[in-house]
Amino acid sequence: MRRLVAIVNSSAGGTDDDVLSRVLSELAGHADTVEARIKDPSELAALLGEHPGRDPVVLGGDGSLHCLVTALAERGELGSRTVGLVPLGTGNDLARGVGLPLDPVEAARVAATGEPHPLDLLRDDDGGIVVNAVHAGVGVEAARTARPLKPFLRRFAYAAGSVIAGVRTRGTPLRVEVDGRVVADGRRRVLMVGIGNGRTIGGGTPIAPGASPDDRLADVMVSFATGPLRRLGYGLLLKLGRHTRRTDVVTVRGRRVRLSGPGVHVNADGELTGPYTARTWTVLPHAWRLTLPRGR
């Protein structure tokens, strides 16, 4: 029987006690499970140390998963402990991309009975980790706009933020290089840059519809759709995952992505950071393991 530690962030909110109770009961019904509650992600490293030999199962969204994987990396345990995920966030983009059930009880059953699957990570030049995706440009403005809307619109907040940001944003002169190849030279304005380990952002927006988090490559999308009508057309097709067919959108794949420009803000796994004058992300192939449905 597997030995698990189910991690609940008590300060996160958004999940009722009945759902948590059913999830914990499902985990305990299939594996030797202990529950651990934290009030802040900074407590994760110590918690992992208190439960050696147990695989962590995070009950939360992409942000919670990001924090757990970061803590495992800091402890040097990415290769020795398999992560389980019960998606209880507003977006749950990584869960969508890897085929995890979005029903919490079904996901708990997978976390307890599924099989480990190796996945890639992106690491930036400051050592930061990206589990799902990182993007810059209009998507960052959308996330900033969506933040105060989240309590009311939940997973639809990002869609609303995208519409507002799409009207306001005029693009930024950014330079994008993938494995040394110049994709954007820094002279032409860019509407958005996406670097996908996973496929979607913002609760299902397919920024990198062909991405796979276990293929050892990042999918890079650069949109030059900066005119008013072009922005509108891009935004509509982005929601459908058809934006990559546009002539003003370039897509490439690679292992090392460098982004530079005047004060670049980025969104990495939902966390807004920056500004940076330059940032580089490198793929770490099969750097961690996530429990997925058997036979995936």
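Buried means under 20% relative accessible area, exposed over 50%, and partly exposed in between (1.4 Å probe, protein chains only). Strands (E, at least two residues) and helices (H or I, at least four) are DSSP runs, numbered from the N terminus.

This is a predicted model: local features need pLDDT of at least 70, side-chain atom pairs count only at pLDDT 80 or more, and totals for chains, interfaces and linings use all residues. Residues are numbered from 1 along each chain as its sequence is written, and side-chain values use heavy atoms, without hydrogens and water.

**Strand S11**

Strand S11 spans residues 218-223, and six of its six residues are buried. Ala-218, Val-220 and Val-222 cover one side. Asp-219, Met-221 and Ser-223 lie on the other. Two strands pair if DSSP finds at least two bridges between them. S11 runs antiparallel to S10 (residues 192-196), joined by five bridges. Here Gly-196 stands opposite Asp-219. S11 also pairs with S12 (residues 249-254), antiparallel, over six bridges. Ala-218 has Gly-254 as its bridge partner there.

**Salt bridges**

A salt bridge is a side-chain nitrogen of Lys or Arg within 4 Å of a carboxyl oxygen of Asp or Glu. The whole structure has 18. Three of them follow.

| Pair | N to O distance |
|---|---|
| Glu-35 and Arg-37 | 2.6 Å |
| Glu-77 and Arg-81 | 3.0 Å |
| Arg-279 and Asp-125 | 3.6 Å |

Arg-279 lies in strand S14 and Asp-125 in the loop between S5 and S6, so this pair ties together parts 154 residues apart in sequence. Arg-279 is buried at 9% relative accessibility. Asp-125 is partly exposed, at 43%. Glu-77 and Arg-81 are buried.
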